Amino acid sequence: MAWGKAGSTTLTSAGDTVTVSGLSDNKYFTVLGYKQSSGTSDFNWRVGNGSADSGNNYARRQSSNGGSDTTNTGYSRMFADNGGASTPSFQVGYFVNIATEEKLNITHSVSQSTAGAGTAPDIRESVNKWANTSDLIDVIQGVNVEGGDFASGSNVSVLGSDLTTSSNKPTDVQEGSRFEETDTRKMYHYFESGGTDIQDKTLVQNGDDITYSGGVIDVNIGSSSSSEGDYLLHTLNVPITTTDFVLDFDYKRVSGGTGVFGGLVFRSNQSGESVENSNTGDYIRTSPNAAGSSMNMYWHNDGDSTETELGYLTGLNSAGSWNYLRLTRTNGTNIKLERFSSSARSGSADAEAAVTNLSATWGLSLKYIGGYCAYASGGGLEEHFDNIDLSSTTKLWKELGT
Amino acid sequence: MCALTYHAGRRIQGTSADAVSGGWKELARTTLGSGNTNINVTSIPDKRYYMILRNTLGRSGGGSNGGYQFNGDSGSNYAVRRSGQGGNFGTDANFSDLDLWDANSPQILGVDYLVNKSDKEKLLLSHVNDSNTAGAGNAPNRAVILGKWANTSDAINRIDLNSMNSTTWNSGSEVVVLGWDPADTHTTNFWEELASVELGSAGASLSSGTITAKKYLWVQVFFEHLGGSNPNTLWRFNSDSGNNYANRSSHDGGSEDVETGISHLDFYGQTNDSNGFINMFIINNASNEKLVIGHTILAGASGAGNAPSRDEHVVKWANTSNQITNITSTSTNGNNYGGKSFIKVWGSD
């Protein structure tokens with residue numbers, strides 16, 4: 001980590017605030033503030049989370065030109081410059097930023113005073129605190145409470161202590177692009193997954209009880225036990241190497257069955273292309289119950305003898321109605337299945353089934369997505385899957401080697 | 001920002017990551033190779049903000065004050081307000097230089113900030129540690145200077161540190177000019193992170209661990225106070241517990257507290273009954289005493305109804321054979337620092 005530019009705002013017209021917002025989480029900030037004035041103004045700090053806090057949540061201490069210290073408590077802002085002048089001032093502030101602790105500040109300020117070399121500038125040395133103990137600072141503001149304004153050109157610049165390097169690989173490139181990393185000699189292939197409806201891709205079919213028609217995966221097992229092992233497979237042209245992804249899909253039970261199981265399966269980058277729940281490889285699969293009122297999820301770790309249940313997602317709509325589901329993996333150990341009331345999947349989910357302790361070795365860097373039929377001793381099951389959209393927010397570049 | 005190159009066949013070439021952009025960047029530096037009365041730093045690019053690290057050596061005899069001149073302007077265009085040892089601020093007006101604190105001492109460390117807008121007067125903030133006579137028996141002096149260059153037509157392109165008399169600074173004296181501008185996208189950061197250590201759980205020692213030796217150090221420390229009895233804070237460099245430190249400080253603008261021949265630095269040591277935050281700069285040459293300029297805020301009792309306190313420090317470690325490679329605060333009274341306490345150290349040569 002390193003000091004770097006966390007944000008900077010320069011006024012282009014007169015105003016009472018100069019605000020830098022959207023600051024990332026940094027333990028320390030160094031803030032440079034330069035005030036130009038239109039009329040009489042002063043320069044004070046406010047900080048906040050989401051917006052600058054103008055409540056009486058500050059306490060402060062200052063000395064001007066070496067005079068005795070004065071303090072204010074329950075105040076609406078921190079000290080910075082000497083205030084009440086129509087001439088520029090310059091302040092350097094150091095902030096420490098821990099969410100659960102009061103935020104502390106040390107500020108040194110010089111104010112120009114009357115223009116010209118005949119008048120010495122003024123100094124204010126201050127220490128300040130924001131008594132908030134629940135939020136990180138993500139907004140730092142210079143604020144004027146005098147009758148005039150900050151003039152255009154006034155600036156607040158924030159340096160953060162914990163900025164990190166960022167990936168240099170572009171994301172506004174065509175699918176299939178190749179990135180040649182000159183410092184590591186590695187090559188990468190670009191897989192554009194964001195918002196892709198996988199049903200637009202080429203599908204591989206095995207057997208005839210799972211078909212793709214009209215944009216819908218139709219699992220229709222009928223009554224034949226020979227259906228077991230049928231699948232309809234989409235092989236992602238480039239595996240997603242990230243463990244973070246969101247997979248939306250719509251599910252509808254058309255008709256119930258007995259002794260039959262089928263659903264969607266999401267498999268990791270294993271050898272072979274079987275998609276049934278064969279207790280081999282790393283995979284996760286849906287398993288709607290026969291009544292169509294709930295959906296269970298199972299995951300399997302390669303080498304284990306049995307699957308592990310994620311738990312039931314309850315309250316599915318009755319046969320004939322679509323359910324709007326979302327499978328989310330947010331990191332190496334967490335995965336959840338959610339049910340939403342509309343296809344927009346906005347707001348909170350209506351129900352959720354989750355696991356938070358996946359094996360550290362578990363993969364599921366998605367390579368295959370498909371419908372499967374696992375057990376068909378009974379029959380009569382028909383279910384539809386539609387609008388299967390896969391998106392991944394990071395690391396869409398697949399390493400090919402050196 | 002690292003450049004990407006695009007080629008036929010959807011081929012793209014670039015490096016693995018962008019470095020962090022927009023830190024303080026070294027713009028120019030002059031280091032004396034032999035004794036001289038002036039240290040001139042030229043060809044300075046126009047940046048909104050400058051941070052100047054000033055380390056002068058060996059001055060003796062003659063007048064005591066040196067000062068800045070900008071763009072070679074020796075006219076009566078400077079004004080200064082200045083305080084030494086926490087005393088009253090005196091002023092100079094219509095001076096021919098921006099008169100700094102530069103006593104007849106073996107060594108001076110100045111850390112200056114300067115705002116630079118061509119159509120506005122240039123404003124300077126400076127904090128100084130003046131080593132005073134060598135040895136831990138002599139506490140350093142401290143000064144605060146603010147000044148202006150009343151020019152409203154030019155951006156700064158040259159900074160001269162002039163002795164204003166015939167006395168000279170020794171070889172090795174230098175002025176380093178760093179710049180920061182809102183438009184900067186460079187990735188050449190002067191300050192390199194050397195340590196970032198969070199205590200994690202309550203403990204009696206907060207240490208940087210071993211750090212790479214650098215000429216200039218910037219240290220920031222947060223102390224979490226656990227309530228109840230206070231830990232003490234014995235800051236030491238390289239685990240030196242000999243009586244090799246001297247300290248001058250003021251609490252809440254009060255009278256100077258001078259300690260000489262002590263076994264540790266005394267930051268956050270006087271009123272450490274609350275969380276504290278320390279900012280310090282250090283000049284860290286092996287053959288010279290190590291000088292520290294520091295400021296501290298003590299949060300006081302929790303809540304906005306309780307004002308914080310402040311300390312101003314100058315310190316020296318009288319070692320003249322080693323660079324600092326470890327910075328540690330130890331509590332020896334049986335009371336611990338909170339687990340959220342942490343120290344970060346940045347450095348550069």
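In the predicted model, B:Glu193 stands opposite B:Trp346 of strand β26(B). The two residues belong to a pairing of β16(B) with β26(B), the latter spanning residues 342-348. The pairing is antiparallel and runs over six bridges. Both strands are part of an open sheet of eight strands in chain B. The order across this sheet is β16-β26-β18-β22-β23-β24-β20-β21, with antiparallel pairing. Its edges are formed by β16 (192-198) and β21 (257-262) of chain B. Each of these edge strands pairs on one side only. From one strand to the next, the twist averages 15 degrees.

Chain B also holds an open sheet of three strands. Here the order is β17-β25-β19, and the pairing is again antiparallel. β17 (205-210) and β19 (234-237) of chain B each have a single partner strand, so one side of each is left without a neighbour in the sheet. Neighbouring strands of this sheet are turned by 15 degrees against each other on average, with direction ignored. β17(B) is joined by four bridges to β25(B), which covers residues 326-330. Within this antiparallel pair, B:Ser205 has B:Thr330 as its bridge partner.

In chain A, strands β6 (residues 58-64) and β7 (residues 70-75) form an antiparallel pair over four bridges. A:Arg61 is bridged to A:Thr71 in β7(A). The hairpin of these two strands has five residues between them. One of its residues, A:Asn65, takes a positive phi near 50 degrees.

Empty space inside the model was examined next. Rolling a probe the size of a water molecule over the atoms shows where such space is left. Three cavities of 30 Å³ or more are found in a search of the whole structure. The largest cavity has a volume of about 70 Å³. Both chains contribute to its lining: A:Tyr94 and A:His108 come from chain A, while B:Val111, B:Tyr113, B:His127, B:Asn279, B:Phe281, B:Ile293 and B:His295 come from chain B. By class, the lining of the largest cavity holds five nonpolar residues, four polar residues and no charged ones. Domain 1 (22-180) and domain 2 (192-348) of chain B both give residues to the lining, so the largest cavity lies between them.

At least two lining residues each are supplied by β10 (122-130) of chain A and by β13 (141-149) and β24 (309-317) of chain B. The lining of the second largest pocket has three nonpolar, 10 polar and six charged residues. This pocket lies between domain 1 (22-180) and domain 2 (192-348) of chain B, because both domains give residues to its lining.

Confidence values accompany the model. Chain B averages a pLDDT of 91, and 95% of its residues score at least 70. For the complex, the predictor gives an ipTM of 0.93 and a pTM of 0.71.

Technical notes:
Residues are numbered from 1 along each chain as its sequence is written. Chains are lettered from A and ligands numbered from 1 in the order in which they are written. This is a predicted model: local features need pLDDT of at least 70, side-chain atom pairs count only at pLDDT 80 or more; totals for chains, interfaces and linings use all residues. Side-chain values use heavy atoms; hydrogens and water are left out. Two strands pair if DSSP finds at least two bridges between them. Axes are lines fitted to C-alpha atoms, for helices over the stretch in contact, and angles run from 0 to 180 degrees between N-to-C directions. pLDDT is the predictor's confidence in each residue, from 0 to 100. On a 1 Å grid over the protein atoms alone, a cavity is a set of points where a 1.4 Å probe fits but cannot get out, and a pocket is an open set with protein on both sides within 12 Å along at least five of seven lines; lining residues have an atom within 4 Å of a point. Grid points are joined across faces, edges and corners, and a volume is the space filled by probe spheres set on the points. Ala, Val, Leu, Ile, Met, Phe, Trp, Tyr, Cys and Pro count as nonpolar, Asp, Glu, Lys and Arg as charged, and the others, Gly among them, as polar. Domain bounds come from an automatic or database domain assignment.
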